[in-house]
Amino acid sequence: MNREIVNAIALRRLALVVVLGMAWQAQARDAKAPYPSMAPIEQYLMDRNAEIALARSAAPDSISRDAEVMVLGRHGYETAVQGKNGFVCVVERGWMNLFDNPEFWSPKVRGPICFNPPAARTVLPITYLRTKLVLAGKSKAEIKERMKAAIEKKELPVLETGAMSYMMSKQSYLTDNPVTYDGAHNLAHLMFYTPLMDSAVWGANMPKSPVYLNPQFEGQPEPIDVFMVLTGTWSDGTPAPLS
Amino acid sequence: MIRNVTRTIALGTFALVVVLGAQGEARAQDARAPYPNMAPLDQYLADRNSEIALARSAAPESISRDAEVLVLGRHGYETAVKGKNGWVCVVERSWMAPFDDPEFLNPDQRVPLCLNPPAARTHLPLTFKTTELAMAGQSKTQMFDSIKAAYDKKELPLPEPGAMCYMMSKQQYFSRKAGNADPHLMFWFPQKDRMNWGADFPGSPVDVHQYSPQPITEFDISVSKWSDGTAAPTDQH
């Protein structure tokens with residue numbers, strides 16, 4: 001293994017630690033997985049109005065007030081508010097993490113996110129399908145296999161250019177371990193979706209780069225890379241930690 | 001049918017008004033802009049080594065040290081440093097500003113960018129073409145028309161998916177009023193994509209610029225640090 005490869009691996013690992021993967025890696029060292037299987041469904045559900053408000057908090061009000069809002073029901077996501085601007089806001093659960101993320105089944109995870117129109121058309125279907133399989137009681141391995149099959153059979157739409165989303169909610173809870181210096185369980189950020197590619201094309205995870213590769217899909221199995229840029233402000237306009 | 005014809009006429013009239021209006025606007029700008037003409041070429045040129053360093057300062061050193069670096073010579077941009085990672089760093093001049101920008105042709109403006117590979121392939125040709133026109137002494141109106149014709153004839157490419165650049169140089173200079181503005185990333189799309197990033201809405205961290213006549217949408221996202229890792233002033237972020 002040459003020096004460049006070693007450096008590349010080291011840099012990538014560093015960036016993952018800096019970003020949301022910090023908690024994940026810390027927990028991966030634990031012998032016992034904290035959330036070995038799905039909790040009772042009630043633990044993943046929320047009060048409908050609270051979920052609408054939380055979903056909308058992912059983006060500034062100027063965007064989310066006209067967005068469609070989805071809430072999680074016992075049989076999947078359902079439309080709670082019709083939208084007018086093509087954005088769709090939703091609160092994702094732990095099963096939208098990588099499959100080997102120890103918080104995959106955490107009932108505490110709440111990831112409010114507002115998708116722009118291309119992402120709503122081509123990324124959100126992944127959320128719907130994974131959620132449908134989860135609520136059907138499938139195991140993690142079964143879900144992964146089914147997602148892989150859906151991609152191979154082209155049951156999921158091809159990612160559109162320009163797909164992106166807002167994750168600027170102060171109230172979101174992405175991981176048990178704090179990820180910022182002040183103990184928050186979230187970072188205010190934007191996410192950009194691309195086909196799988198060399199992350200160096202966006203300069204991601206390079207020292208002092210403001211772009212990070214978010215380890216959400218990475219082809220395992222969804223063929224999408226997710227890049228993050230921290231925004232420095234929450235959706236309500238108050239300052240957010242940048243490190 | 002009648003409605004379609006009426007609509008077609010209306011759209012045609014609208015398009016004509018837009019085109020004539022844009023040309024008229026460019027001419028009006030010629031009259032009132034503080035920089036109505038090119039300054040002597042020497043005022044746009046820089047010391048070669050200084051320009052290389054300035055170009056590289058657009059991105060963190062981890063990216064720019066392996067990038068190709070272009071510098072402006074008397075006959076256009078030329079390669080000063082060969083690259084290894086597909087990125088290209090360049091200091092753009094004020095003729096790359098929007099045609100209605102009052103700083104257009106300001107000889108003091110220095111805007112370093114490091115373009116990723118898709119942007120190097122599809123944005124740099126615009127930089128080269130515009131620079132060629134400016135250095136040939138074309139008026140703003142002539143440049144506007146030439147750029148429009150080049151896109152109409154598909155002589156200039158539209159942005160590739162994923163085309164973006166870093167503009168994080170602490171030394172960048174836009175104008176006396178804007179100074180070095182803020183560090184940011186820029187993303188480019190064809191206008192025909194009608195991309196919606198929620199830009200320019202209150203509270204959104206995304207700004208948008210619709211260029212004319214370049215059929216390009218540009219999104220800007222401010223970041224918190226300059227390329228050297230130092231914090232940008234929070235009031236600019």
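**View 1. Where chain A meets chain B.** The contact draws on 32 residues of chain A and 30 of chain B, a contact being two residues whose C-beta atoms, placed from the backbone, lie within 7 Å. On the side of chain B that touches chain A, the elements giving two or more residues are α3 (61-64), β5 (164-167) and β6 (184-190) of chain B. Sorted by class, that side of chain B has 16 nonpolar, twelve polar and two charged residues. Here Ala, Val, Leu, Ile, Met, Phe, Trp, Tyr, Cys and Pro count as nonpolar, Asp, Glu, Lys and Arg as charged, and the others, Gly among them, as polar.

A note on the model: it's a predicted one, so local features need pLDDT of at least 70 and side-chain atom pairs count only at pLDDT 80 or more, while totals for chains, interfaces and linings use all residues. Residues are numbered from 1 along each chain as its sequence is written, with chains lettered from A and ligands numbered from 1 in the order in which they are written.

**View 2. A:G203, in a loop of chain A.** A:G203 sits in the loop between β6 (189-195) and β7 of chain A; helices (H or I, at least four residues) and strands (E, at least two) are DSSP runs, numbered from the N terminus. A:G203 is buried, with 26 other C-beta atoms within 10 Å (buried takes 20 or more of them). Skipping residues up to four places away in sequence, A:G203 touches A:S209 and A:V211, plus B:A59, B:I63, B:N116 and B:Y166.

**View 3. The open sheet of chain A.** Eight strands line up as β2-β1-β3-β4-β5-β6-β8-β7 in chain A, with mixed pairing; strands pair if DSSP finds at least two bridges between them. β2 (76-81) and β7 (211-214) of chain A are the edges, each with a single partner strand, so one side of each has no neighbour in the sheet. In chain A, β3 (residues 88-92) and β4 (residues 111-115) pair in the antiparallel sense over five bridges, and A:E92 stands opposite A:G111 in β4(A).

**View 4. The largest nonpolar core.** Such a core is a set of buried Ala, Val, Leu, Ile, Met, Phe, Trp, Tyr and Cys residues joined through C-beta atoms within 7 Å. Among the 93 members of the largest one, A:C89, A:C114, A:F227, B:C89 and B:C114 touch the most other members. Strand β8 (residues 224-230) of chain A gives the most to this core, namely five residues. Beyond its neighbours within four places in sequence, A:C114 contacts residues including A:A58, A:I63, A:F87, A:C89 and A:Y166.

Definitions and conventions. A residue is buried if 20 or more other C-beta atoms lie within 10 Å of its own, exposed if 12 or fewer, and partly exposed in between; C-beta atoms are placed from the backbone.
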